Amino acid sequence: MTVRVQDILKSLNILAPFNLAEPWDNVGLLVGNPNQEVTAILAGLDPTSALIDEAIAQGANTVITHHPVIFKPLQAINTTTLEGRLLEKALSNRIAIIGCHTNYDSAPAGVSAILAEQLGLVSLRPLLPTSPEKLPDIGLGRIGDYPAAISSNDFMQRVLRVLQLESVQMAGPLPEKIRTVAICGGSGSDLAPQALALGAQVYLSAEIKHNIAVWANECRFCIIDGSHYATEKPAVRILVKQLEQICQKENWNIRIMETTTECHPFVTKNRSHQ
């Protein structure tokens with residue numbers, strides 16, 4: 001059965017409806033032809049030239065990224081710039097690029113829900129519901145509970161294991177026993193007061209602003225900055241599995257791959273430059 005880009009878009013629209021995207025966002029098919037036959041799909045977090053190179057090497061002509069390749073309206077495509085070269089490479093190799101960003105953040109089985117489930121939290125509900133009465137399962141972030149309170153050490157081991165990090169930054173005191181945790185994968189600094197208001201003991205997110213960290217210390221609320229990449233990366237792996245399940249259900253014989261070349265954009269350096 002021939003699978004076209006528009007078939008993938010329809011499946012993604014069921015998994016994470018594109019109309020859930022924030023008004024400032026840009027999602028859906030951002031480069032390419034919806035009628036093009038799909039050879040294979042490569043999924044990653046960021047649209048980069050390296051990811052397009054990987055797609056070419058793997059024989060994939062469809063790329064799905066969390067962050068959109070075109071975020072703001074383009075006034076020109078200058079192929080001497082990074083962005084221009086990426087678009088030129090994608091178009092000249094007939095590679096379609098699909099953005100699945102804040103619609104996937106707000107979906108019931110999206111970015112924050114995936115992170116919360118991997119940390120072992122249950123009874124998940126949105127941290128900021130899109131429409132509390134009409135769409136209670138949809139919205140940004142998630143807050144959930146452990147069936148029984150766990151120790152701070154157990155919690156931190158889970159966080160570091162799931163994020164695949166050696167360390168994280170934290171503001172405010174970490175409770176000795178933790179039962180309720182709020183999550184927002186990616187940049188979620190502004191949702192910290194909402195997490196506290198809903199009764200979270202710990203808030204795990206990324207790109208926490210200085211003033212929010214100071215506020216957390218003042219009100220003795222624990223906020224953990226797990227970095228944008230690490231708090232969203234687990235969702236890419238699950239997106240691949242979700243697409244594989246759709247392919248199996250639809251009897252689509254195409255490969256779905258997670259990038260193997262993408263990595264955390266930051267490295268940690270100490271005084272010895274190690």
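Reader: Angles under 35 degrees between axes count as roughly parallel. At what angle do H2 and H3 cross in this predicted model, and how are the two helices oriented to each other?

Author: In this predicted model, the axes of helix H2 (residues 49–58) and helix H3 (residues 82–92) come within 9 Å and cross at roughly 15°. That value falls under the 35 degrees cut-off. H2 and H3 are therefore roughly parallel to each other.

Reader: Which residues of H3 meet H2, and how do the residues of this contact divide?

Author: From H2, the contact involves Ser49, Ile52, Asp53 and Ile56, which meet Leu82, Leu86, Lys89 and Ala90 in H3. By class, the residues of the contact of H2 with H3 are five nonpolar, one polar and two charged.

Reader: How are H5 and H9 oriented to each other?

Author: Helix H5 (residues 111–118) packs against helix H9 (residues 228–250) at about 95°, and their axes lie 8 Å apart. Angles from 65 to 115 degrees count as roughly perpendicular. The orientation of H5 and H9 is therefore roughly perpendicular.

Reader: Which element gives the largest share of the largest nonpolar core?

Author: The largest nonpolar core has 32 residues, and Ile8, Leu12, Ile64, Tyr104 and Ile254 have the most contacts inside it. Two or more residues each come from helix H1 (5–15), strand E2 (40–44), strand E4 (96–99), H5 and H9. The largest share, eight residues, comes from H9.

Reader: What does Ile254 touch, not counting residues up to four places away in sequence?

Author: Ile254 is among the residues with the most contacts inside the largest nonpolar core. Leaving out residues up to four places away in sequence, Ile254 touches Val3, Ile8, Val38, Thr39, Ile41 and Cys247.

Technical notes:
Residues numbered from 1 in each chain as written. Predicted model: local features only at pLDDT ≥ 70, side-chain atom pairs only at ≥ 80, totals over all residues. Heavy atoms only, no water. Axes fitted to C-alpha atoms, helices over the stretch in contact; angles between N-to-C directions. Helix = DSSP H or I, 4+ residues; strand = E, 2+ residues; numbered from the N terminus. Parallel < 35°, antiparallel > 145°, perpendicular 65-115°, else oblique. Contact = heavy atoms within 4.5 Å. Nonpolar A, V, L, I, M, F, W, Y, C, P; charged D, E, K, R; others polar. Core = buried A, V, L, I, M, F, W, Y, C linked by side-chain atoms within 4.5 Å. Buried < 20%, exposed > 50% of the residue type's maximum accessible area, 1.4 Å probe, protein only.
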